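Work through the exercises below with the structure open. Try each task before reading its solution.

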Amino acid sequence: MTEARHNSLQMARIPLPALAAASLALVTTALALVFFVAPTDADQGFSQRIFYFHVSIAFTAYACFIGGAWKALVHLWKRDPRADLESYVAVHQGVIFGCLVLLTGSIWAKISWGHWWLWSENQLVLFLVLFLFYCAYFMLRFSLDDGPQRANMCAVYALFGVILIPVSFLAIRLATRFIHPVVFTRHGPNFNGWILVTYCVAQVALLVLAYTLYRVELAGKRLDLRLRELRRAYA
Amino acid sequence: MTTAEKYVTAAYCVVFGFVLLYVVIIALKLRRLEREVDALAARPEPAPEDEREPVQVG
């Protein structure tokens, strides 16, 4: 990619303050819908309101891991050093959102099932495996010296991890015995009306929030790199 | 407040707390970078290279 084209793509990006404002507005709207508009579930009662953010955060974590794997592929394909940093930041975001999935899921499990965690549930254990796999990504990254070899190894690792996503997603559908609720079936979502509207708004809000945080972290990491180069040049 | 309401509040507080912590960490990092940029800008300009023409000696 030429420098001019790269610069034009940077210009075409949504400015960070606009993204931050959109995140704030969407998250506030989602919270208002969750607590004041969405009806109380007849089966689970008030505790079902965790679902809106728990499921949205889970899909956001999957999106971050897929984004990280895509950037890893771009790095391996085009040998673009920017893609390595983007892949790393996306995986980092995925781990943060993955941690939130586990925490909110545990709280929901405690209310609904009376346990913080159930090792017999494939969906839970597979998500934990996915989460720990991506946690190990950082161990790999920080145990190697900076350079093309580290970037290549991390890219391959991030690509392998993405295989676990469909396994984690399909585990609940393949299981013969489960208590974890199925939200999406082959016939579409298992809900409608205001529940569906609230879920969609929460999902968009969390995706925009994740993208905003990704852009902020990426800008910080790029600035850090540039500073290190400048310090070396001045030394 | 019922038990379910307490747990739901806790779950949303965890999400909010996590995002807040993340933003604070990033803000602290950006402040450190700003300080480093200032320190770099305060350094004296490197002396320009000697541009005299080389001459034959001896």
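The exercises that follow use a predicted model.

**Exercise 1.** State how many helices and strands chain A has, and give their order.

*Solution.* Start with the count. Chain A holds 8 helices and 2 strands. Then read from the N terminus: the order is α-α-α-α-α-α-α-β-β-α.

**Exercise 2.** Find the share of buried residues in chain A, and the share of contacts that join residues at least 24 apart.

*Solution.* Take burial to begin with. Chain A has 235 residues, and 35% of them are buried. Now take the contacts in chain A between residues at least 6 apart in sequence. Of these, 76% join residues at least 24 apart.

**Exercise 3.** Classify the packing of H5(A) and H6(A) as parallel or antiparallel, then describe the contact.

*Solution.* Locate the helices: H5 of chain A spans residues 122-143, and H6 of chain A spans residues 148-161. Their axes lie 10 Å apart, at an angle of about 175°. Angles over 145 degrees count as roughly antiparallel. H5(A) and H6(A) are therefore roughly antiparallel to each other.

Next, list the partners. H5(A) brings A:Phe133, A:Tyr134, A:Tyr137, A:Leu140 and A:Arg141. H6(A) answers with A:Arg150, A:Met153, A:Cys154, A:Tyr157, A:Ala158 and A:Gly161. Sort the residues of this contact by class: 8 are nonpolar, 1 is polar and 2 are charged.

**Exercise 4.** Describe the contact between chain A and chain B by residue count, and the side of chain B by class.

*Solution.* Count each side. Chain A gives 24 residues and chain B gives 20.

Key. Residues are numbered from 1 along each chain as its sequence is written. Chains are lettered from A and ligands numbered from 1 in the order in which they are written. This is a predicted model: local features need pLDDT of at least 70, side-chain atom pairs count only at pLDDT 80 or more; totals for chains, interfaces and linings use all residues. Axes are lines fitted to C-alpha atoms, for helices over the stretch in contact, and angles run from 0 to 180 degrees between N-to-C directions. Helices (H or I, at least four residues) and strands (E, at least two) are DSSP runs, numbered from the N terminus. Angles under 35 degrees count as roughly parallel, over 145 as roughly antiparallel, 65 to 115 as roughly perpendicular and the rest as oblique. Two residues are in contact if their C-beta atoms, placed from the backbone, lie within 7 Å. Ala, Val, Leu, Ile, Met, Phe, Trp, Tyr, Cys and Pro count as nonpolar, Asp, Glu, Lys and Arg as charged, and the others, Gly among them, as polar. A residue is buried if 20 or more other C-beta atoms lie within 10 Å of its own, exposed if 12 or fewer, and partly exposed in between; C-beta atoms are placed from the backbone.
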